[in-house]
Amino acid sequence: MAEVIRMPRMSDTMEEGNILVWHKKIGDDIKIGDVLAEVETDKATMDLESFYDGNLLFIGVEKGIIQVNAVLAVIGKKGEDYKLALEGSGATPEASVVTEVAASVPNASTSPTTPASNSDTHIKASPLAKVIAKEEGIDLKTMSGTGDQGRIIRRDVEVAVQNKSSAPKGAPVAPAASTPSSPATLSASSTYEDKPLSQMRKTIARRLSESKHTAPHFYITMSIDMTKSVAARAAMNSIAASKISFNDLVVKACALALRKHPAINSSWTGEAIRQHHQIHIGVAVAVADGLLVPVIRHTDIKSLTQINAEVQYLAGKAKEKKLQPDEMQGNTFTISNLGMFGVDEFTAIINPPDACILAVGGITEQPIVRDGKIEIGHIMKVTLSSDHRVVDGASGAQFLQTLKSLLEEPVRMLV
């Protein structure tokens, strides 16, 4: 019996994937472990490997968006009737083809959409597009759309209006069409640019919107005198094989502070407050399409050099979009550091399922008072964003006090 391959959930937050390229074609022999295709998920571009030997009989989606658990391909014996396997799985070749066409419409052909009748009401067009077309005397039946599933949208009508005004009198008006090779779509007046959303950007928008609107955020900001940490880092880097960063110090200090304040190392489940016994810190990394959060596991029991090596390794993979799902899951606390960009302080949106996220600003030289004397100190501001369903103000403040004490006396991290 042929095996129906469905789109797997390649990350904990994935709802759909984007087929970028197939490395195999129909008729190719497949072995277990062969890379079938490259798939863009919400977090990375990943290789989709085969779990079966056989012949590639059918491809459900050549390129474009595919929902998790939708039919991706069929592998079986050469010449086998794959339609029986599809029917047994509740899918049909025709349904898969429809999925493929619908997914590829934004980058697809320029052939005009056939209306269901002569009435504009049956043409796939937005209400605004219909209004503009009527005012400008544009026949929607002669146009193709660049919207979802070939829908004619305002931009298409604007292009048609521009073509109409620039065409010689009596010449036919060229219909608006999408340009597959163009990475973005310009308006008729070129006053704005629509850039397609990546899977990562879609997920960032969805999950952080949910976080902001679901979790009641509150914020606590504290200034930390990093003068002794600056000196300690310089001393460590004089003998360390790799250069310890200030971010490494913050990660280690947070892990030790979480050990002392387990209420911060928690999650809201809807039915209970889940207090995690292990400390896994997510470190936000800026990438071309948005933000990825690789996870440093068991952070509290790792040395600064181990943390440094792991952060560098995972950050490098993140920027190449090569992180694996297990390297981005299981976080119990998150750190977002914008200090290297010259940011003094900011607030961050909680990264689910965590109850808290720490926003770290840069270290600046400022006058401070010590023992009645004004001296130059190295000040860093941090802001803790907390989910008030899980963490109270006093608990958040006590966590920051412990973090402050560790960074202001870094020798405490060694005992």
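Two strands are taken to pair if DSSP finds at least two bridges between them. Strands (E, at least two residues) and helices (H or I, at least four) are DSSP runs, numbered from the N terminus. The model is predicted: local features need pLDDT of at least 70, side-chain atom pairs count only at pLDDT 80 or more, and totals for chains, interfaces and linings use all residues. Residues are numbered from 1 along each chain as its sequence is written, and side-chain values use heavy atoms, with hydrogens and water left out.

**View 1. Strand β11 beside β20.** Antiparallel strands β11 (residues 217-225) and β20 are joined by 9 bridges. Ser223 stands opposite Lys381 in β20.

**View 2. Strands β19 and β20.** These strands, β19 and β20, run antiparallel and are joined by 13 bridges. Glu365 has His378 in β20 as its bridge partner. In a regular strand, side chains alternate between the two faces of the sheet.

**View 3. The turn at Asp371.** The hairpin of β19 and β20 has 2 residues between the strands, and Asp371 takes a positive phi near 50 degrees there. Asp371 is not a glycine. With a relative accessible area of 82%, Asp371 is exposed (over 50%; buried is under 20%, partly exposed in between, with a 1.4 Å probe and protein chains only).

**View 4. The loop at His298.** His298 lies in the loop between β17 (295-296) and α8 (304-319). Its phi is positive, about 50 degrees, although His298 is not a glycine. At 31% relative accessibility, His298 is partly exposed.

**View 5. The cis peptide bond at Pro353.** Pro352 and Pro353 are joined by a cis peptide bond with omega of about 10 degrees. Pro353 is placed in the loop between β18 (333-337) and β19 (356-370).
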